[in-house]
Amino acid sequence: MSISSFLTKKFLKSLFFPAHNRGRALPKKLIKLLNHPPGQWDLPELPEIGSPLSQSGLIAKSQREFSERFKTKGCFFGVNGASGLIQSAVIAMANPGEIILMPRNVHISVIKTCAMQNIIPIFFDLETSKETGHYKPITKNWLENVFKKISFNNEKIAGVILVSPSYHGYAGDLDPLIDICHQKNLPVLVDEAHGSYFLFCEDQDLPKSALLSNADLVVHSLHKSLNGLTQTAVLWYKGDLVNENNLTKSINLLQTTSPSSLLLSSCEESIKDWLNKKSLSKYQKRVLEAKSIYKKLIKKNVPLIETQDPLKIILNTSNEGIDGFTADHFFYKNGLIAELPEMMTLTFCLGFANQRDFVDLFEKLWNKLLFNSKKYKNLKNLKVLQSPFKLVQAPEIEIGIAWRSKNRSIPFSQSLNKISGDIVCPYPPGIPLLVPGEKIDRERFNWIKNQSIYNKDLVNFNIRVL
Ligand SMILES: Cc1ncc(COP(=O)(O)O)c(C=O)c1O
């Protein structure tokens, strides 16, 4: 089967990213564009259009308007996902050899950039849920303790990265965290890949957008948390702590010379759509519907985990002794395609289309799974694994050096006490379990090995070690 034939495959329910739900929630203007003769809209960087870094043209105009609307210093569309813009932001924040403080649930795009530039990641651990193993949002006290624990020369710290909300939708109060960093003159990049729509829903009891919380750089994944096409993203820039010239230079460094006009138009339309009163109220209704879906399922005794993002429905499969991967397989076979299977849970993304039939379908399948649960129950002890991380930790060897050092590929089972030259990172969610330069000590080794019981990505894999 060709890729193109697969792309039209129908599923009973697509509960994964992109959040436009297979076109059903795309902005009307984009649908209109796609209805023109196929390919007509695929234009090069004509002077009238320009690029995200031009001073003139339609893209520059649109970015300027959005920037003014949200009182930022700059807005840049991106066509290589939030990943691409996060990478540019990281390069703009730190020079090779400088330090960036980041949480353990940082996205792999950050680690790749650190390896490329030899920017030193200092990781801080986060509290995890005893029930699910999910990373919880960081609190002010926690961040203060992290700073107290840092024993190295503060001057080399170039910035801080925060991930909010997390993949599952956990989010805390960003204001005090950003304040702490700003008091130390440190710029803050907030990876808000999963929370773009918070910016437009101030009165809906959702987390406050990082953009309204004085973050210096904010990256939104427009296909994950607005209704953009896959790969669309936007970077917002504020404050005086990041040099604008560094920022545009690093966007330019990683940007293709031929950004897709369709994707750029999708960046524009997905943001405009949420600024349009009529469509905004439709999406706000979706958010309310999502909240009511959660409540209805809870009433029906479906074990769900609550986060701050109502669009994520997180099923606690471990409640019934079933791991999230096995449950995922079951739902997939029955046409309900989820986004994120994990050991204890399975996460579904509602997206922005109407999900009227979701509750009934979901309940039916969940009951079917329970009815056959003997077949699916995990006899191996299903329990949250103890995280192997210290509160503050840096790789034993500089990441860029480890990445570039001579290495050899060996089975993970033989890697105990070696130094990793590799990134070990199941996707989704794209959160590294091990980065180049880190030692595979007994705790880390066991932690990864125990995850491989459930996670196919980690079965019999090879790892490059120094
Ligand atoms: C927290 C987080 N940040 C960034 C990204 C990258 O987003 P994109 O797929 O738009 O490149 C992801 C993707 O999974 C993510 O989960």
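Good morning. Lys-312 and Asp-309 are both buried, where buried means under 20% relative accessible area, exposed means over 50%, and partly exposed lies in between, with a 1.4 Å probe and protein chains only. Their side chains meet in a salt bridge, at 3.5 Å from N to O; the term stands for a side-chain nitrogen of Lys or Arg within 4 Å of a carboxyl oxygen of Asp or Glu.

Before I continue, please note that this is a predicted model, in which local features need pLDDT of at least 70 and side-chain atom pairs count only at pLDDT 80 or more, while totals for chains, interfaces and linings use all residues. Residues are numbered from 1 along each chain as its sequence is written, and side-chain values use heavy atoms, with hydrogens and water left out.

Let me stay with the salt bridges. Side chains of opposite charge can pair when their charged atoms come close. How many salt bridges does the structure hold? There are 13. One of them joins Lys-13 to Asp-357, with the closest N and O atoms 3.2 Å apart. This pair links distant parts of the chain, 344 residues apart: Lys-13 belongs to strand β1 (residues 13–14), whereas Asp-357 sits in the loop between β13 (346–349) and α13 (358–371). Helices (H or I, at least four residues) and strands (E, at least two) are DSSP runs, numbered from the N terminus. Lys-13 counts as buried because its relative accessibility is 7%, while Asp-357, at 39%, counts as partly exposed.

A further salt bridge connects Glu-127 with Lys-136, the closest N and O atoms being 3.8 Å apart. Glu-127 is partly exposed, at 38%, and Lys-136 is partly exposed as well, at 33%.

I now turn to the ligand. Which residues are the closest to the ligand? Of the 14 that surround it, the closest are Ser-83, Asp-191, His-194, His-223 and Lys-224; a residue belongs here if one of its heavy atoms lies within 4 Å of the ligand. The shell divides into six nonpolar, six polar and two charged residues. Here Ala, Val, Leu, Ile, Met, Phe, Trp, Tyr, Cys and Pro count as nonpolar, Asp, Glu, Lys and Arg as charged, and the others, Gly among them, as polar. Helix α4 gives the most to this shell, with four residues.

Finally, a polar side-chain atom of Asp-191 lies 2.5 Å from a nitrogen atom of the ligand. Thank you for your attention.

Definitions and conventions:
Polar contact = N/O pair within 3.5 Å; in protein donor to acceptor, adjacent residues only side chain to side chain.
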